[in-house]
Structure formats: C-alpha cells, structure tokens
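This briefing covers a ligand site, a pocket and a few single residues. Please look over the sequence and the model before reading on.

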Amino acid sequence: MAMIWNEMVECMSRDEMRKLQSYRLKNVVEHVYHNSPFYRKKMQEMDLSPNDIQSIDDIAKLPFTVKQDLRDNYPFGLMAVPMSEIVRLHASSGTTGKPIVVGYTRKDLSTWAEVVARCLTAYGITKHDMVQVSYGYGLFTGGLGAHSGIENIGGTVIPMSSGNTQKQIQLMHDFGAKALACTPSYALYLAETIRESGIPLEEFQLRIGVFGAEPWTENMRKELEEKLNIKAYDIYGLTEISGPGVGGECECQNGTHLWEDHFFPEIVDPETLQPVEPGQQGELVFTTLTKEGMPMIRYRTRDLTTLNYEKCACGRTAVRMGRILGRSDDMLIIRGVNVFPSQVESVLLEMPEFEPHYFITVDRVNNTDTFQIQVELRQEYYSDEMNKMLSLKKKIASRMQNVIGIQPEIKIVEPRSIERSQGKAKHVQDNRNLFNK
Ligand code: DLL
C-alpha cells in the first residue's frame, strides 16, 4: 500500500479544500495589505481592500505579479516581514544581470519541507532510504529544498550537489542510495557514465528518480527508467513560490499533484489573462496561501500547462498538473539554469568591442545541453593577432558566465554576418526539440 504523507489535506474533499483555501486567501491578503507596501499600493490602485476578498472565488479580483516586479524591488522590497524574521535567502536568474531574490521565514522553511515530504512519500521514499541530492546547492533552490524534505521524512541525505560525475557514481554505488534527485538530463548523463564505467547496474540500489527543474517528456521517462532500472517521477517548482516541491507525481505517474492548500493554482490565457475553460491549456498562475516572508499574489509562472481536478487513482484529490508544455516568455533552461536572451544582450551592450547582435544555438549532445552564442566583433577591434582575438573571446565568455551562470561557447563572427531582422528579431535556435514543436 502506497503511503501518503499528509492524508488529511492530500485527500481532502474538494469542498473542504475550497473552504481552507478561502480562509487562507483572506489571511494572506490581510497580511500583504498591511505588511507589503508593494501589494497595498497595487490593491489601492484597483480600489480593493481586504474586505473585498471573502472567498477563493474572489481571487480574480486581485492583481497579477510578474518577474519584473521582483526585479524592480531588488533585493528585499517584496519581503512582508522584517528582515530579522527572514532566516534564508535564495535567488534565481532574472531577465538581466540582477537575480531575483526570495526570503523565507522559519515557518516558510517548514512548509517547504512539508510539501517536499509529500512528494517524496508519493514516490515511495521512506525514512529507511538514502537519497542522493545532485541538484546544485547554494542560491538555487534545488539542492537545499530537496535536502530539507528528505530530513523531514527522516531519510538519509547524501548532499552531493551537482558536478563531479565520477564521484557521484562511486558514492551512489558504495553508499547504496535508493533515490537520486537531479535534473532529468543530468540523470541521463549519469546513466551513460555508469554504463561506461563498467560497474554492473545490479550493484546499485537505485530504484527512484526525483526529476525536475526543467521540462522533460514521457520518452525521457522511459529512457531513464530503462537505463537506470528505476521509477522516474516528476517534481515541479519555482523559486518565486518556494522551490522544488510545489507539486510532485504519485505512483500513478499520471499528472503532478499540486499542493494547493499552500499554493493556489489558476490557468489563464497568457494574452487576455482571463481564466481558460476547465482542462484547457494556458499559463499557470500561483497565489501562495501561507507564505509569510515573501507571499506572491497571482504570480505568473509563464509555464504553459493544464489542470485536472478529477480524483486520482492513488486516492489523492489534490489537483493534477499536466506536463509543462512550454513557456509564454523566452526563458530557456540550459543545463538546469534559467537563461534569458536579454541577459546576453545586456552583456553585449556593456562591451564596446561588440555589436548588439547575437544568435544563440542550443542543442543536446550526449544528453548534455550545448550552448553557443554567436557575436559580431566591431570592425575596428578586428585583429590579425591570434592572441588579441583569443583574449577578447575569453573576456566576453567570462562576462557571459558571470551574468548567466553558465559558460557559453562563444563564436566570434564577422561584422554584419548575423541576420538582421525585418520584424521581430529571432535570437534563438533551440534544436533540442523536446516536444517536437
Ligand atoms: O527549478 C526549482 C526546482 C528545483 C524544481 C529542483 C524541481 C526540482 P527555478 O530555477 O526558479 O526553480 O526554475 C523554475 O523551471 O517555472 C519551470 O519552467 C521549470 N521547471 C521546474 N520544474 C519543472 C518540471 C526550480 N518538473 C522553472 N518540469 C519553472 C518542467 C520545470 N519544468
């Protein structure tokens, strides 16, 4: 019999859930109105007071929040508690050099560990199991988010962080990790490396994959399950809402349950911002119902997906999200890192040696994302000396790495060789074709 971490909420009747959500929405709206100048101003501009929000059905009256709001209030302008109450910060890429920053109170961290515990339990992980966390530790939420959830269920964490693939395999093998938490593409790379290492798969105890932080497909699931001899489960989340564990799959592998007693989901048309018909595809929007440190009201995730409110065969009533089918903005996820074309542009605009024209090519070779940026050198900086050209290339590559977080391959091309657009410039060619779009 599969276990459920918090049966009372995960299997709550839809009616009860709406009541709980209504109660919590009223609280969070009161909280932000009184403690967040940003939200108070937004609500006042719409002539809204907390009294106008009496139930979860009133949510549509509230204003949306977007990534730019986080940038505009960098670093701490959206905190709704004094900084002395904030016990942890995380950050992720914004659209230019500045990251977006989120803050957690002690209670927010405990809620986060609770929702990750629900996911892990749904995958079949228990306190008897060892979990290797190969998501990055640090400002990225992946590592520490998974970490706290594992500790919460009483399992044993192997806090590997990302990179150092040989060591990952050695410890996974020697320690006998039952589950692996990392991006699906890194898991594929680990699988290949295990095969090359010659260690028989039977010598590993691995049974469960906790994969997310980037889009993946049913085909990738099949490949991962075969190559690693595991069950591969989805874990979804985003920094702005907390991090990994906003939702996770259950043993049915038929949609990602969202923990809607904490994160209220809506699907809207990304153009009109009106709710779509039930079951239709649109942009996922979240309102955090219990966050204290940095609550988000109707945050536009930019992720395109669907929601299914039918009760799941596992017994959970928690709404199920379909796969992430794309984004309504131009964000790319390359080797697990969020990359915006505008970040590349911002670097070029700071460097007099280069034209503000660029072309990004992304591909996947041997299960690893490749990331190339073509840039145009200005005529007057051209040189026949190899050294000069190489040092320019190094300089721009390291600037890019600083702003974006991963190192691109830089290809310097002749002036005017990148196609000039007649209308909207096309800056990106993504050959990974995850969803054969
Ligand atoms: O990637 C949090 C996370 C860490 C989730 C580890 C799961 C595991 P961000 O860096 O803020 O946070 O990126 C959030 O990544 O809006 C989606 O576009 C994408 N994403 C995250 N999980 C999934 C998933 C973390 N399971 C952005 N499937 C989100 C598809 C995902 N896309």
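Helices (H or I, at least four residues) and strands (E, at least two residues) are DSSP runs, numbered from the N terminus. The model is predicted: local features need pLDDT of at least 70, side-chain atom pairs count only at pLDDT 80 or more, and totals for chains, interfaces and linings use all residues. Residues are numbered from 1 along each chain as its sequence is written, and side-chain values use heavy atoms, with hydrogens and water left out.

**The shell around the ligand**

- The ligand is surrounded by 21 residues, where a residue counts as near if one of its heavy atoms lies within 4 Å of the molecule.
- The closest of these residues are A213, D234, I235, T239 and D303.
- Helix 6 (141–153) and strand 7 (231–238) each supply at least two residues of this shell.
- Strand 7 gives the most to the shell, with five residues.
- By class, the shell has ten nonpolar, seven polar and four charged residues; Ala, Val, Leu, Ile, Met, Phe, Trp, Tyr, Cys and Pro count as nonpolar, Asp, Glu, Lys and Arg as charged, and the others, Gly among them, as polar.

**Atom pairs and cover at the ligand**

- A backbone N or O atom of A213 is 3.0 Å from a nitrogen atom of the ligand.
- For E214, a backbone N or O atom is 3.3 Å from a nitrogen atom of the ligand.
- R327 places a polar side-chain atom 3.2 Å from an oxygen atom of the ligand.
- The protein buries 97% of the 610 Å² that the ligand exposes when taken alone; accessible areas come from the Shrake-Rupley method with a 1.4 Å probe, and for residues only the protein chains shown count as cover.

**The second largest pocket**

- On a 1 Å grid over the protein atoms alone, a pocket is an open set of points with protein on both sides within 12 Å along at least five of seven lines, whereas a cavity is a set of points where a 1.4 Å probe fits but cannot get out; lining residues have an atom within 4 Å of a point.
- The second largest pocket has a volume of about 410 Å³; grid points are joined across faces, edges and corners, and a volume is the space filled by probe spheres set on the points.
- Its lining has 21 residues, and P265, E266, I267, P275 and Y309 are the closest to the centre of the pocket.
- Helix 2 (14–35), strand 10 (263–268) and strand 13 (307–308) are the elements that give two or more residues to this lining.
- The largest share, four residues, comes from strand 10.
- The lining has eleven nonpolar, four polar and six charged residues.

**Single residues in loops**

- A213 is in the loop between strand 6 (208–212) and helix 9 (218–228).
- Phi of A213 is near 80 degrees, a positive value in a residue other than glycine.
- A213 is partly exposed, with a relative accessible area of 32%; buried means under 20%, exposed over 50%, and partly exposed in between (1.4 Å probe, protein chains only).
- L273 is in the loop between strand 10 and strand 11 (282–288).
- Phi of L273 is near 65 degrees, a positive value in a residue other than glycine, and L273 counts as partly exposed at 23% relative accessibility.
- Y74 and P75 are joined by a cis peptide bond, with omega about -5 degrees.
- P75 lies in the loop between helix 4 (67–72) and strand 1 (86–92).

**A residue in helix 8**

- A187 lies in helix 8 (residues 184–197) and is buried, with a relative accessible area of 0%.
- The C-alpha atoms of A187 and T141 are separated by 18 Å, and the two residues are 46 residues apart along the chain.

Terms used: Polar contact = N/O pair within 3.5 Å; in protein donor to acceptor, adjacent residues only side chain to side chain.
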